[in-house]
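Below is a short briefing on how two protein chains meet.

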Amino acid sequence: MATHLIVAEHTGGKLVKATLAAVSAAQKVGGTIHAIVLGQGIGDVAAELAPFAATVHTAEHPGVKDRAAQPWAKVIADAATAIGATHVWAAATGAGKDLMPRVAIRLDAGMASDISAVVNDSTFKRPMWAGNITGTVAVSSATKVITVRPTEFAAPAAGAAGTIAAFAADPGASKMSFVSFDAVVSDRPALSDARVIVAGGRGLKGPEGFKTIVEPMADVLSAAIGASRAVCDAGWVPNDWQVGQTGKVVAPELYIAIGISGAIQHVAGMKGSKCIVAINKEPEAPIFQVADYGLVADLFKVCPELTEALKAAKA
Amino acid sequence: MKFLVTVKRVTDYEAKIKLKADKSGIVTDGVNMIMNPFDEIAVEEALRQKEKHGGEVVVLSIGSSDSVAQLRSALAMGADRAILVKNDGELDANGVAKILQKIVEKEAPDVVLMGKQAIDDDNNQAAQMLAELLGWGQGTFANTITIDGGNATIVREADGGLETVKCSLPCVITADLRLNEPRYASLPGIMKAKKKPLDEVELSSLGLNTTLKVKVVGYEEPAAKQAGQKVPDVATLVHKLKTEAKAI
């Protein structure tokens, strides 16, 4: 019988929802689910997780107050050993990707990164070559470490609240420390959990295009704004707007791609969206191959019309 | 200051990746091979840091003798010497990290610089595993690196913003896309690269057990999304979004 340890990610005293995707993946394997929360003053996070785990272990220690891969990896590996975990899971967020390989090698475990499906207790599917190929990987070590692509797993069902138990954390000596975090402040929803995303590409011709075309449409739809890698690299918009294999992987209800050609690396980051609309003047643009609705037109002409029509439709 | 930079030979990011007919892997015949783009950024960063602090840039690859081409590219950019750990077999990230650990212990660099991930397997594991094996700090997904007084301060591309971490040296750092823009090799650089030292080490001589813990047992093409319909105008689009897709 499998024993799972879910590593909780949290920020500002709240559970990062992507963590629940890891719970959902573990439920597919079956067995007993434990979770661990590291930090200080983490009671609320533990309580949020309790309906999804038999036991939530809280590791409070000044040495793990801020997230840093080295001390966190030791405490997580110690906890995994203490409970005899067969599987250690986390969301494949920036934080999970940074942290979990250290946990794996500490446990002499093989690791499956960024999985999109669970085949059985030791076999998983994951995107390779920027999502052009799906690989099936078999992990043969006694303990397995897995990070889970959050957009591929629906939120799990909550059960009866599990127990919350303190775990005696010993972070050991660390050669690294957290210094500061510079959050990008925005009134819009975050890309990773927006219901609607309006994204722009090179077709917008410059940063002005985002202001005059993308922003008004996003305002009407209360949408997050995304962008292709090309326009982020060109400095038109902030780096963290990038949707794609090298940026954020998203799966909103509605994704409107404006002036985006649809390079493989961009499509890899948004093809999981429920409904995709593409607006591009180039009829052969690859974005139309993944779009549910394609409009071949001059975006500078039709987008203002669309924004007005959406406003009317919502009114 | 000594920098050790890893370089992986991968398929060109502009190449169309196709499955072999028997689905045993991807077609590599006729596919251009390049230095992993994130590794190229790591090489560039090491060269810039060396210009600032002095020292040496050593580039390292693990693979068949074909990888010599990518090592020569790094030498042509300006790296001082190269090491190839020769191996034709399959490796997982655990194996790669153990090999890197052996070379690091011999070379004793102040900083190991790696790409944040290879664009073929997209694993994003080996650097973090190496840091853990060595007991070193790590700065992954680096956007800016400042080395000063025995420490490296790394501004990282984190979810929702930029995070700054500080590592005492030696440490492992991985390069993200916006760390720098790699230089092109100059013609004199390419000429000089041919004469720079390139040591070959047989994997078997390192005395490591690299039995796979993770094995790719199947390859498939992801389910193609059905191409949808073209709509003639905005009114039709809004109507369909409302009644058909129920997305607004």
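Eight salt bridges are counted between chain A and chain B, a salt bridge being a side-chain nitrogen of Lys or Arg within 4 Å of a carboxyl oxygen of Asp or Glu. This is a predicted model, in which local features need pLDDT of at least 70 and side-chain atom pairs count only at pLDDT 80 or more, while totals for chains, interfaces and linings use all residues. Residues are numbered from 1 along each chain as its sequence is written, chains are lettered from A in the order in which they are written, and side-chain values use heavy atoms, with hydrogens and water left out.

- In one salt bridge, B:K98 pairs with A:D108, and their closest N and O atoms are 3.9 Å apart.
- Helix α4 (residues 94-106) of chain A supplies the largest share of the side of chain A that touches chain B, with nine residues. Helices (H or I, at least four residues) and strands (E, at least two) are DSSP runs, numbered from the N terminus.

**Extent of the interface**
- Chain A brings 81 residues to the contact and chain B brings 74 residues, where contact means heavy atoms within 4.5 Å.
- About 6,300 Å² is buried between chain A and chain B, and carbon and sulfur atoms give 55% of this area. Buried area is the accessible area (1.4 Å probe) that two parts lose on being put together, summed over both.
- On the chain A side, A:I105, A:W129 and A:Y293 lose the most area to chain B, together 13% of what that side buries.

**A sheet with strands from both chains**
- An open sheet of six strands runs in the order β15(A)-β14(A)-β16(A)-β17(A)-β18(A)-β13(B), with parallel pairing. Two strands pair if DSSP finds at least two bridges between them.
- The edge strands, each pairing on one side only, are β15 (224-227) of chain A and β13 of chain B.
- Strand β18 (residues 293-296) of chain A is joined to strand β13 (residues 229-230) of chain B by two bridges. A:Y293 stands opposite B:Q229, and A:G294 has B:K230 as its bridge partner.
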